[in-house]
Amino acid sequence: MTVQHSPVSLPAPSTPGARRALPLLRRTLCSASLALLLAAGPAVAVAGGVEWPAAKNTAAQVEKAGLTMLDTEQLAMHIHTTLEVFADGEQVTVPADIGIDRSGPTPRYSPLHTHDETGTIHVESAEWRDFTLGQLLTEWGTPREDTRFGAPLAWVDGRMWTGDADDIVFRDGETITLRYTSR
């Protein structure tokens with residue numbers, strides 16, 4: 001006995017049945033695509049093999065940035081800025097724990113730090129003052145020290161920054177974007 005399989009056919013687009021079937025098909029395909037993406041696991045944002053992890057010598061990097069480690073987070077000044085970094089067009093993950101020293105029994109904090117890989121920069125200080133991108137990049141230990149790339153082009157809230165990116169002052173709610181290009 002031979003079993004014949006016929007291709008699935010949908011009603012012609014102009015018929016009432018097609019108008020009901022197409023949205024269902026779209027939802028089914030979108031759900032299947034989402035399930036496949038979730039099953040694949042989280043993607044790692046590495047630009048052309050570029051990974052810039054947080055510095056291991058946190059306290060020394062914080063001191064190099066002109067800041068002081070604190071035993072607790074201070075909240076007299078408490079703002080958040082988003083940092084996006086791209087190298088040759090590929091997004092680079094801003095690592096967790098920039099400016100946080102977890103080497104002792106309790107964490108110590110720079111007033112300028114990250115908690116996770118979302119690109120959220122936390123400015124948590126005992127006093128209101130200017131904290132700069134240059135200080136954060138010094139704490140990070142890279143990417144300025146990565147010799148594969150020249151100085152980045154920078155944008156603040158979508159507006160191109162014409163000065164030195166190190167001089168950008170963190171402001172609450174702003175997004176800073178850095179774009180590095182290979183030399």
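Trp52 is buried, and Phe149 is buried as well, where buried means under 20% relative accessible area, exposed over 50%, and partly exposed in between (1.4 Å probe, protein chains only). The model is predicted, so local features need pLDDT of at least 70 and side-chain atom pairs count only at pLDDT 80 or more, while totals for chains, interfaces and linings use all residues. Residues are numbered from 1 along each chain as its sequence is written, and side-chain values use heavy atoms, with hydrogens and water left out.

**Exercise 1.** Classify the ring pair of Phe149 and Tyr180, and state where the two residues lie.

*Solution.* Begin with the rule: rings of Phe, Tyr and Trp (its six-membered ring) pair if their centres lie within 6.5 Å, and planes under 30 degrees apart count as stacked, over 60 as edge-to-face and the rest as tilted. Next, take the geometry: the ring centres of Phe149 and Tyr180 are 6.3 Å apart and the planes stand at 70°, so this pair is edge-to-face.

**Exercise 2.** Describe the salt bridge between Arg171 and Asp130, and decide whether each residue is buried, partly exposed or exposed.

*Solution.* A salt bridge is a side-chain nitrogen of Lys or Arg within 4 Å of a carboxyl oxygen of Asp or Glu. For Arg171 and Asp130, the closest N and O atoms are 3.5 Å apart. Arg171 belongs to the loop between β8 (159-161) and β9 (175-180), and Asp130 to the loop between β6 (120-125) and α3 (133-140), so the pair ties together parts that are 41 residues apart in sequence. Arg171, at 40% relative accessibility, counts as partly exposed, and Asp130, at 44%, also counts as partly exposed.

**Exercise 3.** Find which ring lies under the charged end of Arg179, and at what distance from its centre.

*Solution.* The criterion is that NZ of Lys or CZ of Arg is within 6 Å of the ring centre and within 35 degrees of the ring normal. The charged end of Arg179 sits over the ring of Phe86, 4.2 Å from the centre of that ring.

Note on methods: Helix = DSSP H or I, 4+ residues; strand = E, 2+ residues; numbered from the N terminus.
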